[in-house]
Amino acid sequence: QYAFAEPLLERVVGGAPPYDSGDVVVAMAFLQPGRHAGPGGDVEQILDAARGRSAGLRTHVTPLLGGSHLVHEVLADRTA
């Protein structure tokens with residue numbers, strides 16, 4: 001349905017090498033918490049399920065982009 005978003009996180013993490021074991025970093029390209037990002041969001045649920053399927057999987061999530069001073073600087077520059 002959403003081919004532009006392939007590969008979907010839920011199909012990659014915990015699904016096949018090299019994303020089914022070891023350390024996997026998920027870069028959160030979201031400005032603020034919401035339905036997908038943040039506590040209880042889709043991403044957290046997907047990663048929880050992946051860790052449940054793959055005992056050797058360790059996931060690490062970056063902070064949201066909205067918390068970066070660099071994003072604020074770019075937005076301020078572009079809207080000035």
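## Threonine 59, tucked into E2

Threonine 59 has a relative accessible area of 16%, so it counts as buried, the cut-off being under 20%. Bear in mind that this is a predicted model. The residue belongs to strand E2, which covers residues 57-61.

What does the side chain of threonine 59 make a polar contact with? The partner is the side chain of arginine 51, at 2.4 Å. Arg51 also turns up among the residues in contact with threonine 59 once neighbours within four places in sequence are set aside, and the others are Val13, Val24 and Leu47.

Strand E2 has a partner in E1, made of residues 22-26. The two strands run parallel, and five bridges join them. One place to look is glycine 22, which stands opposite leucine 57 in E2. To get from E1 to E2, the chain passes through helix H2 (residues 42-53), giving a β-α-β crossover that is right-handed.

## Both ends of E2

Start with leucine 57, another residue of strand E2. Is leucine 57 buried or exposed? Its relative accessibility is 5%, so leucine 57 goes down as buried. Leaving out residues up to four places away in sequence, leucine 57 touches a run of residues that includes Tyr19, Asp20, Ser21 and Gly22. Val13, Gly14 and Val24 are on that list too, along with Ala50 and Arg51. Alanine 27 is 30 residues away from leucine 57 along the chain, and the C-alpha atoms of the pair are separated by 16 Å.

Now go to valine 61, also in strand E2. Here the relative accessible area is 47%, so valine 61 is partly exposed. Not counting residues up to four places away in sequence, valine 61 touches Val26, Met28 and Leu47. Take methionine 28 from that set: valine 61 and methionine 28 are 33 residues apart in sequence, yet their C-alpha atoms are 6.8 Å apart in space.

## The loops

Two loop residues deserve a quick look. Serine 54 sits in the loop between H2 and E2. With a relative accessible area of 8%, serine 54 is buried. Apart from residues up to four places away in sequence, serine 54 touches Gly14 and Asp20. Both of those residues are also touched by leucine 57.

The other one is proline 18, which lies in the loop between H1 and E1. Which peptide bond is cis here? That would be the bond from proline 17 to proline 18, with omega near 0 degrees.

Leucine 9 is part of helix H1. At 24% relative accessibility, leucine 9 is classed as partly exposed. Setting aside neighbours within four places in sequence, its contacts are Val26, Val43, Ile46 and Leu47.

Which elements each supply at least two residues of the lining? They are helix H1 (9-12), strand E1 and helix H2.

Note on methods
Residues numbered from 1 in each chain as written. Predicted model: local features only at pLDDT ≥ 70, side-chain atom pairs only at ≥ 80, totals over all residues. Heavy atoms only, no water. Helix = DSSP H or I, 4+ residues; strand = E, 2+ residues; numbered from the N terminus. Buried < 20%, exposed > 50% of the residue type's maximum accessible area, 1.4 Å probe, protein only. Polar contact = N/O pair within 3.5 Å; in protein donor to acceptor, adjacent residues only side chain to side chain. Contact = heavy atoms within 4.5 Å. Pairing = 2+ DSSP bridges. Right-handed = clockwise from strand over helix to strand, strands pointing away.
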